[in-house]
Every structure is written in C-alpha cells, then in structure tokens.
Amino acid sequence: MDHPPRPELFDFHGISMTHYFTSNWENVQKFQARPDDVFIASYPKSGNTWLCYILDLLYFGPTSMFLQQRVPNLEINIPARLTASRESVATVLGTDHIESMQTSPRLIRTHLPVHLIPKSVWEKNCRIVYVARNAKDSVVSYYHFERMTVVFPEPGDWGSYLKRFMAGKMVFGSWYDHVNNWWKRKQSYSNVHFMFYEDLIENTGREIEKLSTFLGLSPSSEEMERIIDLVQFDKMKTNNNINLSGFAGMDFKVSSFIRKGKVGDWKNHFTVAQNEEFEEDYKIKMKNSTLKFPIKVLTENP
C-alpha cells in the first residue's frame, strides 16, 4: 500500500496540529458527552493505550475486538484504509464512532490539551483519567513513534527533534503546557484522576486499585490478578488487538507501537550536553508548577 505524504504542522488554537486531528473539528467541539462517559487523556506516548486497556478490562473484561474500536479517539479523522480494523467507511471519524457505540459507559481516549476539550464534557461532569509521563522518556517514545508513523510529521534526526520538543512544536502542542494545564484543572475539577506512568510501572496493582476507587468499581481479587497479568508490556506487545500490528499507517520495520515500557530509557538517547541543556530548559518552564513527578528526572546524566 502506498502511504500518504507526511502531514505538515500548523498552528491551531494555540498549539501545533495536523489535519488528521483538526479536519473534523466542528463535530469535536459540538460533541455531546453523556454523564457516564469516561475519558482517558494524556500527552502522546505517555501511557494512554495502557490506561485504555486497563479501563476496558475493568469495565468489560477480555474481548476479541481491537482496543481502538472499543476505546476510540475523539479527535481522529483518518482514512479507513490505514486503520487496523479496515472500517467499511472511507474515513474514520472519532465522533461518529463514539456516537455509534452501544457500550455503557463509553470509554473515550483523547490527546487534546485541556482548553480544547468539548464543553459538554465539563457540563456533564464526566470522569476523566489523565496519565502523565516524565518529559525525557516522553520525548524519546514520541520520537520513535513518529519515525514509524506516517500520519505524523517527519521527525528528522534526534538532535533536531529534541529541540522541537523543547520548543513545543509537536502534534498536540507543548508537553509542558499539556501536563501543567491538566494538573491545574484537576485542582478545580474533582472528576479528574491524575496518574503517573512511573507509578504504574512501579506498582501496577496499587494504581489500578486507586483507579477502581475513583471509578466506583470493586473488582474481585481474581479479576485484579487477571488484569494485572494481561496489562504487562510483554503480553500487550504480542496482543494483536492492542499493538496496532494491522495499522497500515505504521512502518513496523522501523519500530514497534508498544516499544519498551521502561522508565529511564532516555539515558540511551540523550548525550551529556543534551541532558544539561534539557534540564536547564525544564527548570525554567516548570519553575512555577506544583506538578512533581514520582521519579527524579532532573540532575541525572546519561
């Protein structure tokens, strides 16, 4: 299959975006949420798919359907021929897919920054699970994702990519603005459950228990054991309903969608000089933030 040309970044409501996430914008903003909808939000490559799978298992148990069908992306607008599920329609619109869902609650994923979330989500007081990942591992994971994913801009070399990340010229905007603004929203909106990727890695069971409490769920000990087992990275990596292996918009010769699932992989990519520059920039951008990650991501050298 011939791949479409790589999309170009452009400014959109204060952030960088591509047409794959803006061409259906009127319908995204008019989207009518339901009170029992549950949203899974994150900056790209921060554990969104992991959380989607955990929530899907908590609510509905194992299934043979593609996760992307069960937990669709709100803002996506992509040619169906590129999708793993090979939809019968010409274009997959996230809003249309969600409106056709029969499940209750509807599980909906998004990478939108908080200021672009549809008004109805707040008006209906929907539950939102937000997962954040430290900046260094986020940029490394995002780099490998863009290398393999033709519906994202050409990443270029690692050094220039890192500078673009620091400048916030990324699809869905600045990591710094994204995580900080969602963190601020949590302080005034009680139905945001803010999670950290690093905590999930450290103790998956503990974090799922906290998540279950937030959602008002009470899984049995047997169900918890099964979920914890299924969401281990080695199992998700080989699960064709999760790993997007059928997605024609990705080149799996370059990388895998579910790559390592590790904390600290940035040390294999950052040079000492890059790390020092990144740390100084990070301190400036995060100096007024109360958001603290559970691992020490600063003052470490690769």
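The largest nonpolar core of this predicted model has 61 residues, and among them Trp175 and Trp182 touch the most other members. Such a core is a set of buried Ala, Val, Leu, Ile, Met, Phe, Trp, Tyr and Cys residues joined through side-chain atoms within 4.5 Å; buried means under 20% relative accessible area, with a 1.4 Å probe and protein chains only. Helix α6 (residues 135–148) supplies the largest share of this core, 6 residues. A second, separate core of 27 residues includes Leu107, Val131, Ile227 and Met236.

This is a predicted model, in which local features need pLDDT of at least 70 and side-chain atom pairs count only at pLDDT 80 or more, while totals for chains, interfaces and linings use all residues. Residues are numbered from 1 along each chain as its sequence is written, and side-chain values use heavy atoms, leaving out hydrogens and water.

Trp182, leaving aside its neighbours within four places in sequence, is in contact (heavy atoms within 4.5 Å) with residues including Ala41, Leu112, Trp122, Tyr130 and Phe194.

Attention now turns to the sheet. Four strands form an open sheet in the order β6-β3-β7-β8, with parallel pairing; two strands pair if DSSP finds at least two bridges between them. Helices (H or I, at least four residues) and strands (E, at least two) are DSSP runs, numbered from the N terminus. At the edges are β6 (107–110) and β8 (192–196), each of which pairs on one side only. Strand β3 (residues 38–42) is joined to the parallel strand β7 (residues 127–132) by 5 bridges, and Ile40 stands opposite Val129 in β7.

Key:
Buried < 20%, exposed > 50% of the residue type's maximum accessible area, 1.4 Å probe, protein only.
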